[in-house]
Amino acid sequence: MSEPQITVLDAGGQYCHLIARKVRELGVYADVRPSDTPASELAGRKGLIISGGPSSVYEEGSPKIDPAILSQSSAVLGICYGLHLMVHELGGVVRRGALGEYGLAVLNSTGSHPLLSALGPGSQVWMSHRDRVESIPPGFEIIASTDTCAVAAMAHKEKPLLAVQFHPEVVHTEHGREILAAFLFEICRCERDWDPADRIGPIEEHVRKVAGSRNVFFFVSGGVDSTVAYSLCLRALGPDRIYGIYVDTGLMREGETEFVRELFQSLGAKAFRIEAAEAEFLKALEGMSDPEMKRHAIGEQFVRVQERILNSSQFLDGSWILGQGTIYPDTIESGGTAKADLIKTHHNRVAGIQKLIEEGRIIEPLTSFYKDEVREIGKELGIPSRFLQRHPFPGPGLAIRCLCSESVAVLERRLQGWLIPVRSVGVQGDSRSYRPALLLEEPPSIEALKTATRLTNELSEINRVVSKVASRLDIEHMEVTRGFLTSDRLTRLRLADAVVRRHCEESGFDTQVWQFPVVLLPVGDGHAPDSVVLRPIHSVDGMTAQVVLMPADLLQKMANELLEIEGVSAVFYDLTHKPPGTIEWE
Ligand code: XMP
């Protein structure tokens, strides 16, 4: 591989690798190095990009750069914290702002700097910062601002030093791609030397090198990542040297085990085994209602099953190494949701697996890729799109969609609707909330969605609003019932989920949503103790999400069929964006 033309200097930002990836997507080879990499090691680069990061430049111990990078010939683009570092190093002032600026802002570009030439008036950019530039360093000029941020972009009048407060690398910045392209091609004069389609050959080469003469076994889930990682190893080493194991936790969706079996057959797997572990998972979850306890119990149980398999005589001799579908976001400790982090740690970094890592007995071919790149690689490998375009499904499975209640309680009348005293998880700022939901009597609509958004802002006792789609009982006759993670309730949820999935696939609605969790809520009466909550959302990366409203006729058909499921008394529709509600209820 030739030398990269661009190096992203990592100042601790969760988007650092995203920047490198966006540069590669534009056809330019980029790598990522620590922010304080000595200038001498970066001398040949056409450009450097200093990433954002959570620190403040004026704080002790915050990430630094080698100041010499600002006086050599490579162009430098600072992003967010990268802007602050440049200002700080070159004699300007950075201060903590009275208010942060998070989310979309409208950029007023002043003049026609080549970096921003693609931007029309009032272009949207995505901001996430508290510190701000109070005065720019000598020799610089402001090239863009927003109503609340005087220095949204600055450039040196003579040298190729540029910096932006907003994040051109995230999709929410309208012309982010054009801004990065302008930096690469107008300012750094990069050439196109990176073809994303060239990835498979080098990955296979890497797999063969790491494996040597050893064989690879995989714990697969049927999800996109482990399937693509498995296929890469299968291609690199041949089917005789790959073993796949799928652990059936009993917490999966209807038909999943058969689906996975068929998937691996179609991939050309020779050795594939399904480990039935439903009973032990249900036992471990008995009597639990707290979401984090459930996750913990599932993680622990997974560890036990994996270790049992790893310690079976078949894999004990040194001729086997473990393959995993870990992708880049899984390796970011601070990124993703805290819960995803927890379960991922359980799955991919448990004690037994940690030992294999230390012994050099692990192979993870996808650790530098993001989900959409993994999908592209899968497509190039010829994996059918029905396997690649599956919606994300959480590691703990239906367990976190089956809400539990230890006691019976009444729904409480409120001015705006009914308070359901079953708590679900929400997120605001960086904090988790765990609060009841409010039930509106009106059906889902654009108006109801507006009301819901207003109510979650106004009422501090709730973090979620649902609206009633259909029910067998009047709301005043419904109550919170006692319910745990039992085989009966999981079966009920599985049936409901299957009904929803079938309608979505038949109508094509599944292509209009990013994910569609179906939740079982212990609300009903002694006869039919549960309700079903529909939660179709749109998202880009799972970090934020918007409610998607369904066509009324589809919703009605779906609801009618859901009410026929034994034990279901009502169908609700979740009207809560993320934030303040998380995508999953737990
Ligand atoms: P939340 O509910 O935090 O979900 O808005 C964001 C994305 O992460 C998935 N999710 C999980 N995935 N283990 C996982 O592997 C988990 O414990 C977990 N919790 C949530 C969720 O389905 C959504 O795509």
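**Salt bridges and cores in a predicted model**

Biologist: Why does glutamate 205 count as partly exposed?

Modeller: In this predicted model, glutamate 205 has a relative accessibility of 48%, and because partly exposed covers the range between under 20% (buried) and over 50% (exposed), glutamate 205 is placed in that middle class.

Biologist: What makes arginine 208 partly exposed?

Modeller: The relative accessible area of arginine 208 is 34%, and since buried requires under 20% and exposed over 50%, arginine 208 also counts as partly exposed.

Biologist: How do you know that arginine 208 forms a salt bridge with glutamate 205?

Modeller: The closest N and O atoms of arginine 208 and glutamate 205 are 3.4 Å apart, and the pair qualifies because a salt bridge asks for a side-chain nitrogen of Lys or Arg within 4 Å of a carboxyl oxygen of Asp or Glu. Both residues lie in helix H4 (residues 200–211), three residues apart, which is about one turn of the helix.

Biologist: Why is the contact between lysine 270 and aspartate 240 called a salt bridge?

Modeller: The N to O distance between the side chains of lysine 270 and aspartate 240 is 2.8 Å, and the name applies because the limit is 4 Å. Lysine 270 lies in the loop between helix H6 (256–267) and strand S12 (271–276), and aspartate 240 in the loop between helix H5 (224–237) and strand S11 (242–248), so the pair ties together parts that are 30 residues apart in sequence. Lysine 270 and aspartate 240 are both exposed.

Biologist: What makes arginine 21 and glutamate 373 a salt bridge, and are these residues buried or exposed?

Modeller: Their side chains meet at 3.6 Å, N to O, and this counts because the cut-off is 4 Å. Arginine 21 lies in helix H1 (residues 16–25) and glutamate 373 in helix H13 (residues 371–380), so the pair ties together parts that are 352 residues apart in sequence. Arginine 21 and glutamate 373 are both buried, and they belong to a network of salt bridges whose members include Arg177, Arg199 and Asp372. The structure holds 38 salt bridges.

Biologist: What makes a group of residues a nonpolar core, and how many residues has the largest one here?

Modeller: The term applies because buried residues such as Leu and Phe are joined through side-chain atoms within 4.5 Å; the largest such core has 68 residues, with Phe516, Leu534 and Leu562 having the most contacts inside it. This core draws at least three residues from each of domain 2 (200–398) and domain 3 (401–574). A second, separate core of 38 residues includes Ile19 and Leu115.

Terms used: Residues numbered from 1 in each chain as written. Predicted model: local features only at pLDDT ≥ 70, side-chain atom pairs only at ≥ 80, totals over all residues. Heavy atoms only, no water. Buried < 20%, exposed > 50% of the residue type's maximum accessible area, 1.4 Å probe, protein only. Domains from an automatic or database assignment. Helix = DSSP H or I, 4+ residues; strand = E, 2+ residues; numbered from the N terminus.
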